[in-house]
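Keep the structure open as you read.

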Amino acid sequence: DQPGTPSLEGAGVLILEEAERMEKAWQLSEAEHYYEEFLARFPNRPEQGFVQISLAYVLMKAGHFEEAVKLLKEIQREYPGLREEDVATDFLIRIASIKKRLLDIPELENWVKTQPDRLFLEEGGLGLALGYLSTYQVERALSVLEKLSEAPDPRIREKALFYRGWIHKWH
């Protein structure tokens, strides 16, 4: 804490803990609500910038890219030369990458659909699952990975099982 700034206690801690709990449970709209509540109730806290970054991250995971971009650009303006600006810049780069991947996914989906056996190729089903994962489409990724448990190639089955376990551990 900064000198003269009281430590974060009580309601503020509870709100942030609940936001983090909701985010970990992938209840993103609820997490968004709690981060917004903290920002509204505690506008002068030194944690404000990093809570805004947490909110932007939740927006990003929920696919609300334009809202996240708007918030991240505000953070860049409000915190020039500080760590918050650096993190906001990194997230803006990540969002640009996600948007590019989102444009690439339909082409891969069509490639697999034209020959269903392509699903069982590494560049087919695994590529599609990883594309979904990298764009926070977890349920779609899991659906593809479950189908890959029937792949003729044991290496594909093992990789699919690994990614399913990884998702369940972190999601």
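Start at Ile95. Leaving aside residues up to four places away in sequence, Ile95 touches Met60, Phe65, Ala68, Val69 and Leu72. Contact here means heavy atoms within 4.5 Å. This is a predicted model: local features need pLDDT of at least 70, side-chain atom pairs count only at pLDDT 80 or more, and totals for chains, interfaces and linings use all residues. Residues are numbered from 1 along each chain as its sequence is written, and side-chain values use heavy atoms, with hydrogens and water left out.

Ile95 belongs to the largest nonpolar core, which has 31 residues. Such a core is a set of buried (under 20% relative accessible area, 1.4 Å probe, protein chains only) Ala, Val, Leu, Ile, Met, Phe, Trp, Tyr and Cys residues joined through side-chain atoms within 4.5 Å. Tyr35, Met60, Leu72, Ile75 and Ile95 touch the most other members. At least two residues each come from α1 (11-24), α2 (28-41), α3, α4 and α5 (83-114). Helices are DSSP runs (H or I, at least four residues), numbered from the N terminus. The top contributor is α3, with seven residues. A second, separate core of 18 residues includes Val112, Leu119, Tyr132 and Leu148.

Now look at one helix pair. Helix α3 (residues 48-61) packs on α4 (residues 65-78) at about 160°, with the axes 8 Å apart. Axes are lines fitted to C-alpha atoms over the stretch in contact, and angles run from 0 to 180 degrees between N-to-C directions. The two helices are therefore roughly antiparallel, the word for angles over 145 degrees.

Conventions:
Parallel < 35°, antiparallel > 145°, perpendicular 65-115°, else oblique. Buried < 20%, exposed > 50% of the residue type's maximum accessible area, 1.4 Å probe, protein only.
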